[in-house]
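Please consult the sequence and the coordinates alongside the text.

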Amino acid sequence: MNFAKELALFSAMAEKKGMVNSLEGNLSCIDRATGNIYITPSHKSKLLLQPEQICIVNPAGEQIGGTGKKSSEFFLHEAAYRARPDCNAVFHCHTPYLSAYAFAYRDFNTDPNTFLHKIFGDMVCLPYGEHGTHDIHKGIEDALDGRPVALLGGHGVVCVGQDLEDAIGILEAAENYAKTIYIRDHMK
């Protein structure tokens, strides 16, 4: 598999959907055979990314490939892979409805009678942690325990998936669910 090519493709898809832009959001995938993490570079349009720009980071945290500078959220991705060794992709973004819960420092509880509850469970909101530091992922092990989505207090959202398509799909469905709940609660 060409991890860099796949990451560039799904990054463009995420930007076309309005989920990321050149300043917000990042995606990664991991080669479980080598432990190398492929991650989008900082301050680049995800729509225009080329495979050679994708950053490759080895298990020691050293960037060993890619012409861009690895995302400042690398520690968040690395922690998510440790928390969920069954997942091979991480998607971090600032979609408005889920991020609103994160900025309110509130968990997002899904209706247990819905199909989506079986996918997301309740989305736990972590305390604020400065981006680009290890503080951003404190508590992520518990937040992602049996759940694919966690809210980052005062910041945004992170999602894990079996692959990039899965992670984007889960996050898109979670955002749409949060939007639906918002609309429902304001229908008076």
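The model is predicted. Helix α3 spans residues 96–103, and its buried residues are L98, S99, Y101 and A102. These four lie on the same side of α3, because they cover an arc of only 150 degrees around the axis. An α-helix has 3.6 residues a turn, so residues three or four places apart point the same way. P96 and F103, on the other side of α3, are exposed. The buried residues of the helix pack against the strands β5 (89–93), β6 (124–126), β7 (149–152) and β8 (156–161), and also against helix α6 (164–185). After α3 comes Y105, with a positive phi near 55 degrees.

Strand β8, one of the elements packed against α3, is mostly covered, with six of its six residues buried. In a regular strand the side chains alternate between the two faces of the sheet. In β8, G156, V158 and V160 point one way, while V157, C159 and G161 point the other way; all are buried.

| Strand paired with β8 | Sense | Bridges | Residue and its partner in β8 |
|---|---|---|---|
| β5 | antiparallel | five bridges | F91 and C159 |

Strands β7 and β8 form a hairpin, with three residues between them. In the turn, G154 has a positive phi of about 70 degrees. Both β5 and β7 are also among the elements against which the buried residues of α3 pack.

Terms used:
Residues are numbered from 1 along each chain as its sequence is written. This is a predicted model: local features need pLDDT of at least 70, side-chain atom pairs count only at pLDDT 80 or more; totals for chains, interfaces and linings use all residues. Side-chain values use heavy atoms; hydrogens and water are left out. Buried means under 20% relative accessible area, exposed over 50%, partly exposed in between (1.4 Å probe, protein chains only). Helices (H or I, at least four residues) and strands (E, at least two) are DSSP runs, numbered from the N terminus. The arc is that of the directions from the helix axis to the C-beta atoms. Contact means heavy atoms within 4.5 Å. Two strands pair if DSSP finds at least two bridges between them.
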